[in-house]
Amino acid sequence: MRLVLLADTHVPKRAKDLPGEVWAAVDAADVVVHAGDWVDVPLLDALEARSRRLIACYGNNDGAALRARLPEAARAELGGVRLAVVHETGDSKGREARCAAAYPDIDVLVFGHSHIPWDTTAPGGLRLLNPGSPTDRRRQPFRTFMTAVIDGGTLRDVELHNLIS
């Protein structure tokens with residue numbers, strides 16, 4: 001099962017649309033996970049239309065129309081992997097322990113908010129992934145998104161993609 005992980009797209013405030021490389025990954029994926037800060041409804045509509053399956057939540061920059069359609073946190077079981085997606089996880093200091101306590105029944109937590117890519121594993125085994133932002137790099141060297149594979153009940157091949165153009 002091929003996954004695309006997105007967050008902090010901020011369309012149309014930071015970009016008019018997602019980069020072509022992201023749309024190509026969406027078209028090839030079995031599941032798209034979006035960790036909030038969409039900003040406007042048309043991108044949600046577009047991702048719903050082009051994704052085989054979309055698992056998503058709203059972020060702090062998402063208004064009433066998006067909050068009416070998306071949860072604050074979403075959960076799904078994908079090929080034996082228990083996944084949750086939420087926008088904010090708080091300060092990076094203590095993140096692993098805090099998230100492991102908040103999501104004891106989850107294998108993978110996808111989050112956003114900081115625009116800073118993150119890939120760590122908490123002592124109890126919770127994998128924390130932040131794909132960064134494909135449209136607003138802030139102080140990061142690149143705009144980014146992630147892909148991953150779920151196979152045999154295991155998340156593997158997590159890859160951070162740097163968007164140069």
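**Notes on a predicted model: loops, sheet and two helices**

1. Let me start in the loop between E1 and H1, where Pro-12 lies.

2. Another loop worth a visit is the one between E2 and H2, which holds Asp-37. The phi of Asp-37 is near 65 degrees, a positive value although the residue is not glycine. Is Asp-37 buried or exposed? Its relative accessible area is 1%, and because the cut-off for buried is under 20%, Asp-37 counts as buried.

3. Val-39 is found in the loop between E2 and H2 as well. Its phi, near 90 degrees, is again positive in a residue other than glycine. With 15% relative accessibility, Val-39 is also classed as buried.

4. Now to the sheet. In what order do its five strands run? The order is E3-E2-E1-E9-E10, in an open sheet with mixed pairing. Strand E3 (54–56) and strand E10 (154–163) are the edges, each pairing on one side only. On average, and ignoring direction, neighbouring strands of this sheet are turned by 20 degrees against each other.

5. For Val-32, the bridge partner in E3 is Leu-54.

6. H1 touches strand E1 (2–6), E2, strand E9 (143–151) and E10, and its direction makes about 145 degrees with that of E1. H2, for its part, touches E1, E2 and E3, with its direction at about 145 degrees to that of E3.

7. Finally, please look at how the helices meet. The axes of helix H1 (residues 20–28) and helix H2 (residues 41–50) come within 9 Å and cross at roughly 40 degrees. Angles under 35 degrees would count as roughly parallel, and H1 and H2 are therefore oblique to each other. Which residues make the contact? From H1 they are Trp-23, Val-26 and Asp-27, and from H2 they are Leu-43, Ala-46, Leu-47 and Arg-50. Sorted by class, this contact of H1 with H2 has five nonpolar and two charged residues, and no polar ones.

Technical notes: Residues are numbered from 1 along each chain as its sequence is written. This is a predicted model: local features need pLDDT of at least 70, side-chain atom pairs count only at pLDDT 80 or more; totals for chains, interfaces and linings use all residues. Side-chain values use heavy atoms; hydrogens and water are left out. Axes are lines fitted to C-alpha atoms, for helices over the stretch in contact, and angles run from 0 to 180 degrees between N-to-C directions. Helices (H or I, at least four residues) and strands (E, at least two) are DSSP runs, numbered from the N terminus. Angles under 35 degrees count as roughly parallel, over 145 as roughly antiparallel, 65 to 115 as roughly perpendicular and the rest as oblique. Contact means heavy atoms within 4.5 Å. Ala, Val, Leu, Ile, Met, Phe, Trp, Tyr, Cys and Pro count as nonpolar, Asp, Glu, Lys and Arg as charged, and the others, Gly among them, as polar. Two strands pair if DSSP finds at least two bridges between them. Buried means under 20% relative accessible area, exposed over 50%, partly exposed in between (1.4 Å probe, protein chains only).
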